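User: Please go through the helix packing and the nonpolar core with me.

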Amino acid sequence: MNHISYYLLFVFSLYFLGFCVARKDDQITSLNKLMESRRSENPPRVQPWTEEDTSDLSPLSIVPQQGSKEEDMIDKLPGQPQVDFDHYSGYVTIDSKVGKALFYYFAESPHNSSTKPLVLWLNGGPGCSSFGYGAMEELGPFRVNSDGKTLYRNDYAWNNVANVLFLESPAGVGFSYSNTSYATGDKQTAKDSYTFLINWLQRFPEYKTRDFYITGESYAGHYVPQLASLILSENKKTNGTVINLRGIAIGNAVIDDNATDEGMYDYYWTHALNSDETNAGINEYCGYGSGNFSATCFHYQSQSGSEYGEIDIYNIYAPFCDGSIQKPATGSVSLSFLSNTGNYNVLLFEDMMC
């Protein structure tokens with residue numbers, strides 16, 4: 001990609017990032033909309049993930065990748081400080097017939113990148129950008145200054161200890177696109193992400209045998225384990241590329257609606273964001289065990305949202321965004337690769353929102 005293309009992508013990413021924050025159209029808002037839609041008279045159809053879903057993968061779209069890595073290297077983003085690592089971004093076509101392509105941003109580690117693991121990051125929503133949120137607000141190498149034009153280094157970026165790949169998924173999220181209309185869901189998202197990885201590894205062949213971890217937050221509680229399940233299944237096929245999956249990690253994960261709701265409202269109450277009255281009402285009228293929810297339950301849940309107000313529920317101790325000068329965070333970030341009981345490791349992370 002040329003310098004003008006990168007400049008336009010970066011400017012648009014800052015615009016959409018600011019627009020989404022201003023509208024509070026963040027991961028928790030998207031997630032709440034999804035959960036509220038499931039309480040409606042005509043809820044969306046839920047497709048359970050089954051063993052069969054890992055065995056009916058449609059034919060992969062393998063696109064020749066020779067030379068693409070060099071074209072994807074970023075010389076310098078607008079307003080970027082000097083860096084001591086290589087980073088890349090671009091598109092990987094996953095279905096040439098319908099013109100579907102996924103956008104990625106990849107930041108290699110400045111320290112011994114050739115021996116560090118490869119970590120895939122997926123934001124949730126569903127529908128939230130892994131570049132806009134994950135890379136620019138959470139664990140990426142840069143943060144955006146309050147002028148909206150320049151960047152500063154994130155001292156606690158994950159690429160300090162790993163090579164981090166941010167994927168915009170599914171198509172239609174962030175800069176990923178499809179030239180034709182299509183329906184998607186968890187199953188298609190997993191298959192598209194797997195197809196992306198196979199093609200991306202053709203573009204970056206030095207990572208084909210590298211230890212690989214899948215990480216994410218929020219609705220990635222669906223994306224991460226489903227993609228991992230598909231990878232393990234496809235690895236059994238001797239005629240395909242074997243992805244060296246070593247572990248997964250999900251933060252504040254959405255596993256199912258009842259577990260998410262129950263844990264979320266308990267969190268609000270134990271952190272003094274909800275009153276005792278509201279908490280008692282939710283516990284009395286919301287049947288998390290049975291799945292039966294009354295109008296009174298929904299009333300107390302709505303009251304909960306009114307009580308915690310306009311704060312970043314993903315980072316409740318963060319200062320309110322008032323346009324003041326952004327300063328590098330104080331705190332710590334820790335990533336540990338720990339042995340587990342089997343042949344896999346678990347990637348643990350803390351202080352994700354520095």
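User: At roughly what angle do the axes of helix α7 and α9 cross?

Analyst: This is a predicted model, where local features need pLDDT of at least 70, side-chain atom pairs count only at pLDDT 80 or more, and totals for chains, interfaces and linings use all residues. Residues are numbered from 1 along each chain as its sequence is written, and side-chain values use heavy atoms, with hydrogens and water left out. The axes of α7 (residues 257-270) and α9 come within 11 Å. They cross at roughly 40°.

User: Which residues of α9 meet α7?

Analyst: Contact means heavy atoms within 4.5 Å. On the α7 side the residues are Asp 261, Tyr 265 and Tyr 268. In α9 they meet Gln 301, Ser 304 and Tyr 308.

User: How are α8 and α9 oriented to each other, roughly parallel or roughly antiparallel?

Analyst: The axes of α8 (residues 276-285) and α9 (residues 295-308) come within 9 Å and cross at roughly 150°. Angles under 35 degrees count as roughly parallel and those over 145 as roughly antiparallel. The two helices are therefore roughly antiparallel.

User: Which residues touch the most other members of the largest nonpolar core?

Analyst: A nonpolar core joins buried (under 20% relative accessible area, 1.4 Å probe, protein chains only) Ala, Val, Leu, Ile, Met, Phe, Trp, Tyr and Cys residues through side-chain atoms within 4.5 Å. The largest has 34 residues. Ile 214 touches Leu 120 and Val 224, among others, not counting residues up to four places away in sequence. The residues that touch the most other members are Phe 196, Trp 200 and Ile 214.

How values were computed:
Axes are lines fitted to C-alpha atoms, for helices over the stretch in contact, and angles run from 0 to 180 degrees between N-to-C directions. Helices (H or I, at least four residues) and strands (E, at least two) are DSSP runs, numbered from the N terminus. Angles under 35 degrees count as roughly parallel, over 145 as roughly antiparallel, 65 to 115 as roughly perpendicular and the rest as oblique. Buried means under 20% relative accessible area, exposed over 50%, partly exposed in between (1.4 Å probe, protein chains only).
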